Amino acid sequence: MKKILYFMVLFQCGLYAQNTEKVCDKIKKINTFLKINHYKMKPVDDSLSANVYDAFFEILDEDKIYFTSSEAEKLSVHKFKIDDYISTKDCAFLDEIALVYKNALLRKLAILEALEKQNMVFNTKDTLFFTNNNREYIKNEERMKNFIRKGITYDILIDVAEQSKNKDSLQKNFTKLAETARLKVFENQKCVLNSLIKDDLSFYDAFYNNFLTAYTSYFDPHTSYFNYSEKESFMSSVTANSSSVGINFELDDNDNLLVSEIIPGSPAFEYGKIDNGDQLLKIKHGKDDFTISCATIDKVSELISSDNYNILEFTFRKKTGDIFNAKLQKKIMKTEENLAFSFIVENKSKVGYIKIPSFYSDEEGNNNLSNDVAREIIKLQEDNVDGIIIDLDDNGGGSITEAIKMVGMFIDVGPVALVHDKYNNIETLKDFNRGVVYSGPIVVIVNGFSASASEFFANAIQDYNRGIIIGNETYGKATTQSIIPFNSSGYNKDFIKITGQKFYRITGKSHQNTGLIPDIKLPLLFQNFMPKESRYKHVLANDSITPKLSFKKYTNNFGPIILKSQNRIAKNIFFKEINNLNDKLETYIKTEKKPLLLNFNAVFDEVHRSDALYQETDAIQDKTFDFIIKNTTAETEKIKYDSYSQTSNAEKIKELQKNARVLEAITIIYDLTH
């Protein structure tokens, strides 16, 4: 028996040694690609070691709830040696970290299982302390047990407190509610740990992938390692076609994932039993189960969008409580949420509105944004609109080629941007096609989520003085990436997305790390909490170059129109409410939490402290505005006999009616034309 066990241990050690060799091989390949392709390759030195080490542990244990301080200290001997390990092709340090990490996960699971068997005390004198600063690792296992017990108690009390605003009613039924919450909290936390541990193969695959992610992130925020599924998931966000089962989901107030839409002709539609409002409980792929209550949103998104998971078995719960399974095979479908669409919006002026969710394209050139937008513009022109609004809110970018084509629809001919590479070469990107698709007034709407290709397009419109940009400062990404497979031929499981170029405006300025500044700023709810390129640790710096090119600006005199809009916004009651609410939200979020007594009364008061703020937020987000929305004549005819398109169309109109930014854009176009 001992010999068999000894052989198994040796076999496993040999297996993991082979895996660490593969990781070292991947890092060597990554470094080769980076040296050839990266815009600003950093040296592999102690600085890399320290930053990669910290980023890796941030991924493994962001909240410092797994490792003890002694374990973290012991492993820290590797912090400044990773560059040496890589140069000698010795990645055995990873298996040392993996072993400690897995034991830490198993330890927490054991603590949870032991706590689950004990009676929970909910009216204690314990105090929970919160900190906005970096949390330290827990000193020892005994303190960890106490920390986990407090955390479980807190989660159960929160679950009960969130079920009603009536404290008396909750207290009356507390025992029953707390027991239900206890079962749920323990089940979810164990599920999270079991999904991390799984089998050895899955655990080590995820562990090594996390290290490669941490390693590549050191070079800049957009350089990253992808496995096949991650690559496919990324590509589905910037293409008009993707492999899909045809279900769209939404989160309800209790973070349940519900079916919000079933696309006609899709596998889900043909299955016939799935309805809007069904709750997704689990997704199964092969032998692997992913319970929704404990799987990450990223993992659920990957399962649904990547064609690496071709056949999936979904477990749903009906509103009646009935549970059923649906085994679905994906097929290539149009990604409806990515596609551009248009409406006619009216208030004083009759204006075309085009929403562009992303700058999508496909390899065949059949489903490209530029083609779709050209068709929408033609429809709007046939209905004699006075101007066009291009809405790029929340558009994270996509194809720069499509952005160039888009600019070309609104300018006659000329340079669009400058691209600078690692060899100091500067290439001018141009619109070579004379003529325009549309020559009338345009207003472009942007916000903090407008990035990359969105910023590229808005920059050019602003630099040519072709239209007015309104909204908020954009994300600040002025770099281009390419995805490179590890092997030049055959099936690839590994890819690297590399930042290879930096682009500049035709003025020589860059919005990298700063964002584009709109001509007219519009208050937006949560604008101070939107992600920015500048918040990343290894972001590329902002700079300028001296361009050697000429371009002819449009002679539009936008100054008086901009001033008029600014005065109107300053007096607008709704925008004042937005600013006031943003101030309240910022104060609430930035206020450091005070120590909290771990009993129901204290937790209930803490949970409901923000009720009025949330009500105010919901009310302002649901407010509608006084402008008419209707389809173009061509679109009205197109959807006349299509019930799905009619439903989708009605939802888009409902959301658009809440958009105060569009109303201001309509008014700006009125000012431009009168």
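These legends describe close-up views of a predicted model.

**View 1. Helices H14 and H15 run roughly parallel.** H14 spans residues 400–408, and H15 spans residues 453–463. Their axes come within 9 Å. They cross at roughly 25°. Angles under 35 degrees count as roughly parallel, so H14 is roughly parallel to H15. The crossing of the two helices is right-handed.

**View 2. Side by side, H14 and H15 meet through nonpolar residues.** From H14 come Ile 400, Ala 403, Ile 404, Met 406 and Val 407. From H15 come Ala 453, Phe 456, Phe 457 and Ala 460. By class, this contact has 9 nonpolar residues. It has no polar and no charged residues.

**View 3. A disulfide joins Cys 24 and Cys 91.** A search of the whole structure finds 1 disulfide. The sulfur atoms of Cys 24 and Cys 91 lie 1.9 Å apart. The angle about the S-S bond is 105°, and the link is right-handed. The pair ties together distant parts of the chain, 67 residues apart. Cys 24 belongs to helix H1, residues 2–37. Cys 91 sits in the loop between helix H4 (82–87) and helix H5 (92–116).

**View 4. Arg 149 sits in helix H6.** This helix covers residues 141–161. Arg 149 has 23% relative accessibility and therefore counts as partly exposed. What does Arg 149 touch, leaving aside its neighbours within four places in sequence? Arg 149 is in contact with Leu 115 and Asp 126. Lys 108 is 41 residues away from Arg 149 along the chain. The C-alpha atoms of Arg 149 and Lys 108 are separated by 11 Å.

View 5. H19 runs over residues 611–621. Which residues of H19 are buried? They are Asp 611, Leu 613, Thr 617 and Ile 620.

Notes:
Residues are numbered from 1 along each chain as its sequence is written. This is a predicted model: local features need pLDDT of at least 70, side-chain atom pairs count only at pLDDT 80 or more; totals for chains, interfaces and linings use all residues. Side-chain values use heavy atoms; hydrogens and water are left out. Axes are lines fitted to C-alpha atoms, for helices over the stretch in contact, and angles run from 0 to 180 degrees between N-to-C directions. Helices (H or I, at least four residues) and strands (E, at least two) are DSSP runs, numbered from the N terminus. Angles under 35 degrees count as roughly parallel, over 145 as roughly antiparallel, 65 to 115 as roughly perpendicular and the rest as oblique. A crossing is left-handed if the near helix is turned anticlockwise from the far one by less than a right angle, and right-handed if clockwise. Contact means heavy atoms within 4.5 Å. Ala, Val, Leu, Ile, Met, Phe, Trp, Tyr, Cys and Pro count as nonpolar, Asp, Glu, Lys and Arg as charged, and the others, Gly among them, as polar. A disulfide is a pair of cysteine sulfur atoms within 2.5 Å. Buried means under 20% relative accessible area, exposed over 50%, partly exposed in between (1.4 Å probe, protein chains only).
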